[in-house]
Amino acid sequence: MADMNTDQNPPAPQEAGPPRKGPLSFLSGSITAALLGWLCLGLSQRVVAHYALHPPVFAAAFAQSIATAIKTLAVGMCFLATFSFGFIAIGLFLVFIRSLLPIKAEESA
């Protein structure tokens, strides 16, 4: 009986890894992160305005302490999200700019 593999095409060479990201991917990620950062900034401003107009006031010192801690956590998390998305947007935009520049061949030692 003859070998069955002689009639089939040879397997195509496989790529070394996943395909590289292009400049459009970096730009869309940067725009998305900037939009989310802008939305988080609006949320942060509204949270600060709410707590400025409605400060937590309790008779018990322990309850006042807990309310102040929760207020600090809420405001801090809103601004943390704002700055995180902002820095991600800036970083992706810089990678976008770098991906547009020509790649210089590295000199071998």
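**View 1. A nonpolar patch on the surface.** Leu35, Leu36, Trp38, Leu39 and Leu41 form a nonpolar patch on the surface, and together they have about 490 Å² of accessible area. Such areas come from the Shrake-Rupley method with a 1.4 Å probe, and for residues only the protein chains shown count as cover. A patch is made of residues with over 30% relative accessible area and no salt bridge, where like charges are joined within 9 Å and nonpolar side chains (Val, Leu, Ile, Met, Phe, Trp, Tyr) within 5 Å; a salt bridge is a side-chain nitrogen of Lys or Arg within 4 Å of a carboxyl oxygen of Asp or Glu.

The model shown is predicted, so local features need pLDDT of at least 70 and side-chain atom pairs count only at pLDDT 80 or more, while totals for chains, interfaces and linings use all residues. Residues are numbered from 1 along each chain as its sequence is written, and side-chain values use heavy atoms, with hydrogens and water left out.

**View 2. The whole protein and its helix α2.** Helix α2, residues 61-100, has 40 residues and reaches 58 Å from its first C-alpha to its last, close to the 58 Å expected at 1.5 Å a residue, where the expected span is 1.5 Å times one less than the number of residues. In α2, the residues Ala67, Cys78, Thr82, Ala89 and Phe96 are buried, and α1 (23-53) is included in what covers the buried residues of α2.

**View 3. Ser44 and its contacts.** Ser44 has its place in helix α1 and counts as buried, at 1% relative accessibility. Leaving aside residues up to four places away in sequence, Ser44 touches Cys78, Phe79 and Thr82, a contact being heavy atoms within 4.5 Å.

View 4. The structure holds 0 disulfides, a disulfide being a pair of cysteine sulfur atoms within 2.5 Å. Cys40 is in no disulfide, and the nearest cysteine sulfur, that of Cys78, is 7.5 Å away. Cys40 counts as buried at 16% relative accessibility, and Cys78 counts as buried at 13%.

Technical notes:
Buried means under 20% relative accessible area, exposed over 50%, partly exposed in between (1.4 Å probe, protein chains only). Helices (H or I, at least four residues) and strands (E, at least two) are DSSP runs, numbered from the N terminus.
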